[in-house]
Amino acid sequence: MTQTCFYHVIQITENLYVRLLQRCDKMSLLPMPKTSFETFFSKYPSRTYKKNWSIVNPGDNLRTIYYIRRGYVRLYSISREGEELTLIVYKPGEIFPFIVALTPPTPFRYWVETMTPSENVSVPV
């Protein structure tokens, strides 16, 4: 990835544009309308999860990102003292774990679980 392209990826990461999944040299920095977002994700399978269901565990080699249609999901770690530390709470319309789209496959370091019943779409990257 070129330095300029990397800058644009970092710049748009916070806005969670689906266009990041396309090749970098074809990426548009314009926001996608919500209907385009839903249209894109409608091509992929969705799954419903119960509350407190584990979606991702440490050590998983992820090559999938998830789009939240319904519900809330949290990313957390466990401290050395054994306490759960919630790092991010994802809401409907967001994508997680976004870093998967930017990096080569490496073991994931966190847990991701549902906070409420949810429906998530999985997209291979």
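**Overall architecture and packing of the predicted model**

Of the contacts in the protein with a separation of 6 or more, 70% are made by residues 24 or more positions apart, where a contact means heavy atoms within 4.5 Å. The model is predicted, so local features need pLDDT of at least 70 and side-chain atom pairs count only at pLDDT 80 or more, whereas totals for chains, interfaces and linings use all residues. Residues are numbered from 1 along each chain as its sequence is written, and side-chain values use heavy atoms, with hydrogens and water left out.

The protein contains two helices and eight strands; these elements are DSSP runs numbered from the N terminus, with helices (H or I) of at least four residues and strands (E) of at least two. Along the sequence they follow the pattern α-α-β-β-β-β-β-β-β-β. Of the 125 residues, 34% count as buried, a term that denotes under 20% relative accessible area, with exposed set at over 50% and partly exposed in between (1.4 Å probe, protein chains only).

Four strands form an open sheet in the order β2-β7-β4-β5, with antiparallel pairing; two strands are taken to pair if DSSP finds at least two bridges between them. In general, strands of a sheet pair through backbone hydrogen bonds, either parallel or antiparallel. From one strand to the next, the twist averages 35 degrees, based on axes fitted as lines to C-alpha atoms and on angles that run from 0 to 180 degrees between N-to-C directions.

Within this sheet, β2 and β7 (residues 111-114) are antiparallel and pair over two bridges, and Ser-54 stands opposite Glu-113 in β7. Strand β4 (residues 73-78) is joined by six bridges to β5 (residues 84-90), also in the antiparallel sense. Arg-74 has Val-89 of β5 as its bridge partner. The hairpin of β4 and β5 has five residues between the strands, and Gly-82 in this hairpin adopts a positive phi near 90 degrees. Arg-74 also lies over the face of Tyr-76, at 3.9 Å from the ring centre; the criterion for such a placement is NZ of Lys or CZ of Arg within 6 Å of the ring centre and within 35 degrees of the ring normal.

The largest nonpolar core comprises 22 residues, and those with the most contacts inside it are Phe-41, Ile-55, Val-56, Val-73, Ile-95, Phe-96 and Val-112. Such a core is a set of buried Ala, Val, Leu, Ile, Met, Phe, Trp, Tyr and Cys residues joined through side-chain atoms within 4.5 Å. At least two residues of this core come from each of α2 (34-41), β2, β3, β4, β6 and β8 (118-124). Strand β3 provides the largest share, four residues.

Seven aromatic pairs are present, defined by ring centres of Phe, Tyr or Trp (its six-membered ring) within 6.5 Å and classed as stacked when the planes are under 30 degrees apart, edge-to-face when over 60 and tilted otherwise. Phe-40 and Tyr-44 form a tilted pair, at 5.6 Å centre to centre and 50 degrees between the planes. Tyr-44 is partly exposed, at 27% relative accessible area. Tyr-66 and Phe-96 are stacked, at 5.1 Å centre to centre with 15 degrees between the planes. Because Tyr-66 lies in β3 (residues 64-70) and Phe-96 in β6 (residues 95-96), this pair ties together parts that are 30 residues apart in sequence. Tyr-66 is buried at 11% relative accessibility, and Phe-96 is buried at 0%. Ring pairs also link Phe-40, Phe-41, Tyr-44 and Tyr-67 into a cluster.
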